[in-house]
Amino acid sequence: VRAPKGSAVIVSAQERAEYAITLTRIGANKEALSILSQVPTGQVPEAILYRAFALFNSWDYAESIPLLEQFAAIPGISPYQAAVAETNLASALIYEERYGEARQLLTRLVDDTKTRDFRLLHGNALRILGQVCVLEKRWSEAEKLFSEASEILKTSGGLDEFFIRKWKAIALFLKTPSKETTEKLNEVQVEAVKLGHWETVRDCDRFIAQQFKDETLAMQLYFGTPYTSYRNKLQRGFAKFELPERYHWLVGEKSQGRVFVDPLEL
């Protein structure tokens with residue numbers, strides 16, 4: 001993929017796509033998207049899905065939605081590939097607060113993945129449907145879905161079961177905001193740090209900031225993220241959100257701080 005000029009190495013479209021999706025695993029999303037834009041999707045349809053995954057890493061869920069819809073509609077892809085795309089599509093719809101569409105899609109996916117015995121996807125469809133229930137304040141329904149998902153995903157490894165614990169803690173916090181439920185969210189953040197899942201740390205803080213109208217925490221989040229889409233979502237969560245002309249970012253106890261003169265240039 002990065003062969004020197006004049007090299008006899010010939011890189012296939014499939015190899016470029018696979019290299020790009022590997023880049024997303026280490027956070028090199030811009031480079032991944034640049035490479036994927038050069039991959040002919042007629043030869044490698046998966047490049048469409050990979051672009052959506054790279055956009056997920058930057059919280060650009062709105063841009064990923066048409067890509068996931070496009071991939072899921074490609075004739076000839078396997079039912080499993082289509083279900084993967086639609087499961088991720090549901091997550092994108094939730095982030096964009098299109099809960100009704102997400103619920104309708106997930107309800108179908110829960111049935112389809114169970115019928116086809118796509119066990120991992122079935123567990124994740126249950127979990128993500130539980131997230132919709134949390135955000136719609138359907139507490140008992142969410143708890144039931146999380147319990148079912150946990151039973152299926154308990155041996156899957158990876159982050160699947162962690163995400164269930166995360167959303168259970170979010171549900172408890174949103175249902176009854178208190179010192180105790182905030183501490184539960186903080187415990188999730190500690191675990192997320194150990195796992196290196198920094199976006200969970202960030203998102204738990206977003207829920208706390210919005211629930212308690214904590215503008216200090218909100219500003220820290222705003223200036224601490226490089227992602228425009230995430231900043232916009234954070235702003236939408238506050239009735240009033242005015243950016244300061246300057247923001248002093250302190251890193252560590254002995255830091256002298258750093259001043260961002262123009263927040264719009266971040």
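The sulfur of Cys133 lies 19 Å from the closest cysteine sulfur, that of Cys204, which is too far for a bond. The structure accordingly holds 0 disulfides, a disulfide being a pair of cysteine sulfur atoms within 2.5 Å. This is a predicted model, in which local features need pLDDT of at least 70 and side-chain atom pairs count only at pLDDT 80 or more, while totals for chains, interfaces and linings use all residues. Residues are numbered from 1 along each chain as its sequence is written, and side-chain values use heavy atoms, with hydrogens and water left out.

**Cysteines**

- Cys133 is buried, with a relative accessible area of 0%; buried means under 20% relative accessible area, exposed over 50%, and partly exposed in between (1.4 Å probe, protein chains only).
- Cys204 also counts as buried, at 0% relative accessibility.

**Helix H3**

- Helices are DSSP runs (H or I, at least four residues), numbered from the N terminus.
- The buried residues of H3 are Ala47, Ile48, Leu49, Tyr50, Ala52, Ala54, Leu55 and Phe56.
- The cover over these buried residues includes helix H1 (13–25), helix H2 (29–36), helix H4 (61–72) and helix H5 (79–95).

**Packing of H8 with H9**

- Helix H8 (residues 139–153) packs against helix H9 (residues 160–175) at an angle of about 165°, with the axes 10 Å apart. Axes are lines fitted to C-alpha atoms, for helices over the stretch in contact, and angles run from 0 to 180 degrees between N-to-C directions.
- That angle makes H8 roughly antiparallel to H9; angles under 35 degrees count as roughly parallel, over 145 as roughly antiparallel, 65 to 115 as roughly perpendicular and the rest as oblique.
- H8 and H9 cross in a left-handed sense, meaning that the near helix is turned anticlockwise from the far one by less than a right angle.
- On the H8 side, Trp139, Glu143, Phe146, Ala149, Ser150 and Leu153 meet Asp160, Glu161, Ile164, Trp167, Lys168, Ala171, Leu174 and Lys175 of H9, contact meaning heavy atoms within 4.5 Å.
- The contact of H8 with H9 comprises 8 nonpolar, 1 polar and 5 charged residues. Ala, Val, Leu, Ile, Met, Phe, Trp, Tyr, Cys and Pro count as nonpolar, Asp, Glu, Lys and Arg as charged, and the others, Gly among them, as polar.

**Packing of H9 with H10**

- H9 and helix H10 (residues 179–195) pack at an angle of about 155°, their axes being 8 Å apart.
- This arrangement makes H9 roughly antiparallel to H10, and the crossing of H9 with H10 is left-handed.
- Phe162, Arg165, Lys166, Ala169, Ile170, Leu172 and Phe173 in H9 meet Thr181, Thr182, Lys184, Leu185, Val188, Glu191, Ala192 and Leu195 in H10.
- The contact of H9 with H10 contains 9 nonpolar, 2 polar and 4 charged residues.

- His197 lies in the loop between H10 and H11 and counts as partly exposed, at 22% relative accessibility.
- Leaving aside neighbours within four places in sequence, His197 is in contact with Leu159, Phe163 and Ala192.
- Asp203 belongs to helix H11 (residues 198–211) and is buried, with a relative accessible area of 7%.
- Not counting residues up to four places away in sequence, Asp203 touches Trp59, Lys166 and Tyr230.

Key
Helices (H or I, at least four residues) and strands (E, at least two) are DSSP runs, numbered from the N terminus.
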